[in-house]
Every structure is written in C-alpha cells, then in structure tokens.
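Subject: Structure for your review, with notes

Dear colleague,

Please find the structure below, followed by my notes on what was found in it.

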Amino acid sequence: MTPVPVVLAGARGHGRWHVANIRRLERAGLVRLAGICELTPLTEEEAQGELPEQSADFGALLDSTGARIAVICTPIPTHTDLALTAARRGVHLLLEKPPAPSYAEFRRMADGVAEAGVACQIGFQSLGSHAVPAIRELVARGAIGEVVGIGAAGAWVRDEAYFRRAPWSGKRRLNGADVIDGALTNPLAHAVATALALGGTARAEDVTGIETELSHANDIEADDTSCVRIGTARGHRVTVAATLCAERADEPYVLVHGSSGRVTFWYKQDRVLLQRGGHGPEEFHHDRTDLLENLVDHLATGAPLLVPPDGTGAFMRVVEAIRRAPDPEPLPEAAWRRVPGEERRVVPGVDALVVAAAETLSLYSELGAPWAPRTEHPRYEVSTR
C-alpha cells in the first residue's frame, strides 16, 4: 500500500504525541508526514525526523502536499473551521477532542463533513480500546445482571502553569468565542465519553437530561473540580466526577454498576476488573487500536470507524450543558491549599469525593462537600424527539 500523505495541524503541546504517532506509522509504511501547519515552524528535533513542508496556511498546505488525511490538534475554538477547510478539499480527518466548544459548532462540523463525503474520526483514544466491546459483551450476556448506573472518577494533578500553557487554557470564552476548557470537557473528557459509550449512550438522542456542579480552586474561568450526572434514554444514570486538584494523582476509571456485579475499566491502561456474586474477581488486559491507524484502514479496506462524529453526540450534549451552565463557582480559600514547592492547588478531601461519586452516582453536594453549591443545581433538559 502506498503510504497515505498526512498533514498535522498543531504539532506542539499535545500535538507532540501526534508527531510521534505519525512517525511510528510512517516507519510501518502506512502514512507519510507530508506537512505540518504551525504558526512557528518546527525544528528537525521537534519534527522527530526530516522536516516536511511547513506553512501557517492550513488550506494552502493541504493543496500543495496533496494530503489525504489531516490531523487537527489545535485550540478548541478552531476545530470546526479547520475541519471544514479540510472536508471541502476532500481530505479525511482525525479531529482531536473535544470536537467543538458547543453543540451548534459540533453540528456545523459534523453536517459539513457528512455533506463533503469525507471520513472523520474524533480523537477519543480510549474508545479504540478493545476493552470497550469486551465490556459491552459482558454486559449483554448478563455477567453483572441489569445495568443500574455508570460512574466515572478522574482525580488528576495539574500545576498552576498548566492553566497558562496557552491563551485559551482554563477559559470558557476568549475574544467572544466559546472555549469551554474545563476538567470534564478537555483533560478528563475521556472519562465522560467512555462512561457514555459503555452504557450505550453515545448518540445525542440518547441523552435526556444533565445536571452539573462546576467549580474551580485555580484562578481560571472554567472548572477544575466538577461533576455531572446524565439521564439516559436507557433509564440509567451516568455520573462523572473529576478534579485537577487532587491530593495524589490516580488512574481515571469507569465503573459499570450491575444488579449482581460490577465492571471497572481503567481506560488509560486498557485494564478491566469483573466482580460478581458467586465468582472470584477476574482481571483482563486488552489491546488497543490506534485511531489514526483505524482511519487509514477505513480508507483502504472500508473497516468501520471507531469514533465517528455521531458516536460523540452524547458527549457534546454534556459540553453544551456545561457551556450553558452558570459560570463555575470559585471555591473559598478555606477549601483549598497550595502544595509547597509544587506550585499547585489542592482541594483536601476531593480524592475521596471523586471515588464516592462514582460509587454512589451522587453529585458533590449530595455527598456533603462543604464547598459544593447548596442551591438546586441547574438541569439541562434534552429533547429526544
């Protein structure tokens, strides 16, 4: 197979991971790094090899390189316009998560891509894990009884410099445009998307209502300590609790609660624990399919895309609920402390609250968090018609 020419838009920050991944697939003979779109050109060291063509003009670069695939890893508000720039040229897409900062922008992107007839993969790498269909199979054959709810927990550590890494970091809006760079919509977005996918609630119409509790300990606009509870057309609830102010960093996970057992999925590790009545605990480790590799396979053989846009519609309903919610509340100074020598803020006790939320499907306020809002939290109603 002739290597597929790929252009990468956004090669610094998280884009460095994409550079390394494209180079890996290049060595395997599947792709060729044909171009890099950056405002400031990369060095050979940054490009991890011989420099391809570079330009700050994305459309012109697609034209001059003859790219068949564009990987877009740029600031969130630019995703839709760049995706449509590629789609109008017949260039297929791997679009980083979150795909858009609002549901309207997501629909504009997804509809435009569909009209152009190009393939689009959304960069939720956790959904490439072979654990996802394996867990669905366990649930379908009744290994844990009836699903009664799904919880997800993400306790991460981020220093204050993390929120200064780019002009849009930690913003809800920038220069009048939506950004929505919060814990649940960006760094721990995989927890939300994976929890929804495991419960069969991937499409927009699968969501019936969303409750949010958004707050921040850091000096930012967006949320860094948040939880969300999602009502689903299947009748069960999905609760995701996240913080970037943990006392200790922990592996994020999704917990599928059944009437006679449970499944825990550590999605970054592709590790699954099955616990059920009358059996000892069983642990499984799974492989993972890379999403760019899957996109190349789709173009070559027609293999199904693992994460098409419509498979992230439910996640985008959550993004929209967070966008429409009142601005996150700053936590009182008594609720957080600085870690000496680490330049980061910690919310004491939040690690246990994140775990408890996933275990009980409760919001922080229902768990008695002293800093959680005591007023009725807003509910974003979603029509399924």
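Predicted model: local features only at pLDDT ≥ 70, side-chain atom pairs only at ≥ 80, totals over all residues.

**The parallel sheet**

Strand β1, residues 4-9, and strand β4, residues 69-72, run parallel and are joined by four bridges. Both strands belong to an open sheet of six strands with parallel pairing, whose order is β3-β2-β1-β4-β5-β6. The edges of this sheet are taken by β3 (53-55) and β6 (120-122), and because each has a single partner strand, one side of each is left without a neighbour in the sheet. From one strand to the next, the twist averages 20 degrees.

**Annotated regions**

The UniProt record, an unreviewed entry, places the feature "domain: Gfo/Idh/MocA-like oxidoreductase N-terminal" at residues 6-124. Over residues 6-124 the chain is 40% helix and 21% strand, with 19 Å between the end C-alpha atoms. The record also places the feature "domain: GFO/IDH/MocA-like oxidoreductase", again from an unreviewed entry, at residues 134-263, and there the chain is 13% helix and 36% strand, with the end C-alpha atoms 11 Å apart.

Two residues lie between β13 and β14, which form a hairpin.

**Helix α9**

Helix α9 (residues 313-324) has 12 residues and spans 16 Å from its first C-alpha to its last, which is close to the 16 Å expected at 1.5 Å a residue. This helix is mostly covered, with 10 of its 12 residues buried, among them F315, M316, V318, V319 and I322, but also the charged residues R317 and E320.

**Salt bridges**

The structure holds 26 salt bridges, of which I describe a few here. What do E293 and R24 form where their side chains meet? The two meet in a salt bridge, at 3.7 Å from N to O. Since E293 lies in helix α8 (residues 291-301) and R24 in helix α1 (residues 15-27), the pair ties together parts that are 269 residues apart in sequence. Both partners are partly exposed, E293 at 30% relative accessibility and R24 at 36%.

R338 forms a salt bridge with E160, with 3.2 Å between the closest N and O atoms. R338 lies in strand β18 (residues 337-339) and E160 in the loop between β7 (147-155) and β8 (173-174), so this pair ties together parts that are 178 residues apart in sequence. R338 is partly exposed, with a relative accessible area of 45%, whereas E160 is buried, at 12%.

A further salt bridge joins R276 to E282, whose closest N and O atoms are 3.0 Å apart, and E282 is partly exposed at 27% relative accessibility.

**Cysteines**

How many disulfides does a search of the whole structure find? The search finds zero disulfides. The cysteine sulfur closest to that of C73 is in C37, and at 12 Å it is too far for a bond. C120 is likewise in no disulfide, its nearest cysteine sulfur being that of C73, 14 Å away. C73 counts as buried at 13% relative accessibility, and C120 also counts as buried, at 2%.

With best regards

Definitions and conventions. Residues numbered from 1 in each chain as written. Heavy atoms only, no water. Salt bridge = Lys/Arg side-chain N within 4 Å of Asp/Glu carboxyl O. Buried < 20%, exposed > 50% of the residue type's maximum accessible area, 1.4 Å probe, protein only. Pairing = 2+ DSSP bridges. Axes fitted to C-alpha atoms, helices over the stretch in contact; angles between N-to-C directions. Expected span 1.5 Å × (residues − 1). UniProt positions renumbered as here; feature names shortened; annotations may be inferred. Disulfide = S-S within 2.5 Å.
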